[in-house]
Amino acid sequence: MTVSTPLKAQKRLVHFGTYLAFAFLLVIVLLAVFPGLFATFGPLETSENVRQAPNLEHLFGTDASGRDVFNRMIFGTGASLLIALTTVTFALLVSLTVGMLVSIFRGSQKITAKASDVLLAIPELLLALIVLAVLGKGTIQVGVAVAIAVLPAYIRVSLIRTREILVSGFMVTSKQLGVSKFKSVFTHVLPNLLPRMLLMAVLGVGTSLVIASSLSFLGLGVQPPNPEWGAMLSEGRLELSRAWWISFFPGLMVLLTVLALAEVRAWLKRVFA
Amino acid sequence: MKIKFKKLLATLIIPSVLLVGCVDNLQDNNSEITWVIAGNNLFNGHMDPHSSQLDASAYLNRQIFDSLVSVDDDGGIKPWLATEWSVSDDGLSYIFKLREDVTFHDGEKFDANAVKANFDHVIAKSTESAQAASMIGGDSFAGAFVLDDYLVELKLSNPFRPLLVNLSSAFLGMYSPKVLAEKSQGEIRAGGPEVQVGTGPFILRESVTNVEMLLERNNDYHWAPDGSRDIPRVNALRILFVPDESAREIAISRGDADVASNLSGISLSTLPAEVHINKTPSPGVPYSVYLNTKRDVFKDVNVRLAFAYGFDAKKAIEAAFQGENEWPLSILSPTTAQSYLDTAKGFAYQPDLANKLLDESGWTSKDAEGYRVDAAGKRLTVYWASWTPFPPEHQVIVNFMVDDLKQIGIELIHEALEPAQYQAAYSDANGLKLDFDLTDWSFASLDPIVLSNHLASGGYQNASAVSDAEVDAWLGQAAIEQDTEKRRLLYQKVQEWNEANAAIVPIYLPQSVVAFRDVADLSFDSYGWPLFYSAYLL
């Protein structure tokens, strides 16, 4: 059975969910940039009130060291988002540059595609782990590892889109009119490549966030006692039978952030479609 | 009616006989006890009890290797592979008469030559013994000499008081001389079925790195330390290596394991009623941090004392262990022989005193984050290196320490390094390197001699880098002192010195916690480590 969507709804660009997603992401950004505005306890502040269930004083409860989970989550937002945003920005810039270069040096398309295919054959998390095996653990190392892990996919999409642009009618016309390759990169290739890559980057923030959190969960990223969502999930993993809230709320934040980013991407797709 | 009665009888008796037969068969022939342990780092060259200092190496190998003597519950020395012994008046000669009916798992005969080969191995330079050599007196050990087929003499150049007690340890278990003659030290460290060959109740048959070991009953075993002549009652002992405590907790809770070691207090509250617990306070050095007295800010005794008084260890261990472990007053556990310092006050939390000490040392300015800085603006930071896996309870303690020390302006940075990284930071070819401000461990020992390893110049576990002539003299004298009270007073001086110098800061008294279910007659040694030779499944 198929359900047809009303034409009116199909045309709507902004859904209620889009507003919710933007509002949520705005809150996340505020938490990341100004954690002190929302925090009532320090992220490292311990107390004898260990493993307290969520209550009015500790909205998300306390962990095994009596630290407030809500406040640690707030302070962890910055680290989690910073890794995700930095890696995506890096991947975006590199993939755009690669797209522009292959449109000038067209002979390099095949070899670049093959190289990215080889790296794409390795799952992102595995690739990140391989990089970390060389670099060692730590926040910066995780940032580099995630950036390298997600990069092949960005380059592949960039190459496909660049190839589409290069064979398109306006590029053929531009060539016939004698516009130089260098100039056409900025007038035709980049403006048509950028929206596609931006779309990918928006959802990519979520992917990077999940990979970075997974690596921190494995103890390879942000080191205790500093807070980060993945690291907090890991800390609570041993306490699941006694204090579910230690892992639940950081996990929920990762989930909601990824969902919000997916909704924003869907909105962008509707706008650019 | 008569026939019917016979039928009824047959109906009742035959299945009962079969059932009993099955149970008996299970108990005596097919039964297998599964023992789950942490076993961290064992497969990184710690399978040789003569060279390793890890507790896990001792309690695992205890099932395979026997010792010359044993210690009973009251601390008395009992015969084991040696039936009797005599000590010369000057304390420099120990003569042991050996059992004549003992064979190794590979069929080799246990005799005076085998004992000599073992002590030769312990003191061989290539063995690089971290623990066993010091347990027989280190440089004071003059060698083992064969007097007769079953008579062996251990000679010392200086009296070494704890020798007999130490000979009961699994660190001084007896290897087959064939292994020691034919295998390289690298192979012996790595262990395995052809290498870990002793006279013990179980024979190592299979070993899968970091996963499991399968030990089979030694059917010739009739020289148990309790004097029983019975062979072990279970057919096999399967040892599973599970570093994650919650996984060990789940294994014993669900019945996937029959015995679980290395559990902490927090696990105990959630174990089902059918799981029994054996808790034994560990003798020796409590879980402590070792402040590197030769490095950076900890060269200053005031900073070390401020650190020691600057965190509330009681609060931290209450949170970490939920009241299951106690706070130590001294650097020797109260269960260590003769040695507890009754008058010790310990490093009780005194933030005002800590602040005063830091002010006196010139750390008077603070940066924007509240940490103390010196005149050049350098922050008062101390770096603590541990090794992975770092237990979550210890992480809770670190969290409390980070928070408390921040209040007095000390930044504590803790890092759990991979074992190889840690080893590289700890020592190199030139000896101890100690590339950190502090590190941590506990060290089980029945005798206070363990302080020599930790505080004497050149001690192989002197992570505090102490080199103090007075301390060396006290420890040296205590090692040879025959008078118990005089010896106790010497160790008291060492402990008082530590109170004034904060080289070692004790944090909690560890205990050996073993959980078991459906297992009977499991026995425990003086360290609280399980012995399986008499155990059987219910």
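This is a predicted model: local features need pLDDT of at least 70, side-chain atom pairs count only at pLDDT 80 or more; totals for chains, interfaces and linings use all residues.
Two residues are said to be in contact if their C-beta atoms, placed from the backbone, lie within 7 Å.

E6(B) and strand E7 (residues 151-156) of chain B run antiparallel and are joined by 6 bridges. Within E7(B), Leu151(B) is the bridge partner of Asp148(B). The loop that lies between H3 and helix H4 (132-135) of chain B contains Glu128(B). Most residues other than glycine have a negative phi, and most peptide bonds are trans. Glu128(B), however, has a phi near 50°, which is a positive value in a residue other than glycine.

The view may now be widened to the whole of chain B. Chain B is divided into domain 1 (34-280 + 512-537) and domain 2 (284-509). The C-alpha centres of these two domains of chain B lie 30 Å apart. Their contact takes 25 residues from domain 1 of chain B and 20 residues from domain 2 of chain B. On the side of domain 1 of chain B that touches domain 2, helix H5 (163-167) and helix H9 (265-268) of chain B each supply at least two residues. The largest share of that side, 3 residues, comes from H9(B). By class, the residues of this side of domain 1 of chain B are 10 nonpolar, 12 polar and 3 charged.

Helix packing in chain B comes next. Two packed helices are described by the angle between their axes and the distance between the axes. Helix H11 (residues 313-321) of chain B packs against helix H13 (residues 392-407) of chain B at an angle of about 145°, and their axes are 9 Å apart. The crossing of H11(B) and H13(B) is right-handed. H11(B) contributes residues including Ile317(B) and Phe321(B) to the contact, while those from H13(B) include Val396(B) and Phe400(B). This contact of H11(B) with H13(B) has 9 nonpolar, no polar and 2 charged residues. Pro389(B) is placed in the loop between strand E16 (381-387) and H13 of chain B. The peptide bond from Thr388(B) to Pro389(B) is cis, with omega near -5°.

In a second pair, the axes of helix H16 (residues 469-480) of chain B and helix H17 (residues 484-501) of chain B come within 9 Å and cross at roughly 155°. H16(B) is therefore roughly antiparallel to H17(B). Their crossing is left-handed. Among the residues that meet are Trp474(B) and Leu475(B) in H16(B), and Leu490(B) and Trp497(B) in H17(B). By class, the contact of H16(B) with H17(B) has 8 nonpolar, 1 polar and 2 charged residues.

Finally, chain B meets chain A. The contact takes 15 residues from chain A and 14 residues from chain B. The side of chain A that touches chain B has 6 nonpolar, 5 polar and 4 charged residues. Chain A also has a cis peptide bond, from Pro224(A) to Pro225(A), with omega near 10°. Pro225(A) is found in the loop between helix H9 (181-217) and helix H10 (229-237) of chain A.

Notes: Residues are numbered from 1 along each chain as its sequence is written. Chains are lettered from A and ligands numbered from 1 in the order in which they are written. Ala, Val, Leu, Ile, Met, Phe, Trp, Tyr, Cys and Pro count as nonpolar, Asp, Glu, Lys and Arg as charged, and the others, Gly among them, as polar. Axes are lines fitted to C-alpha atoms, for helices over the stretch in contact, and angles run from 0 to 180 degrees between N-to-C directions. Helices (H or I, at least four residues) and strands (E, at least two) are DSSP runs, numbered from the N terminus. Angles under 35 degrees count as roughly parallel, over 145 as roughly antiparallel, 65 to 115 as roughly perpendicular and the rest as oblique. A crossing is left-handed if the near helix is turned anticlockwise from the far one by less than a right angle, and right-handed if clockwise. Domain bounds come from an automatic or database domain assignment. Two strands pair if DSSP finds at least two bridges between them.
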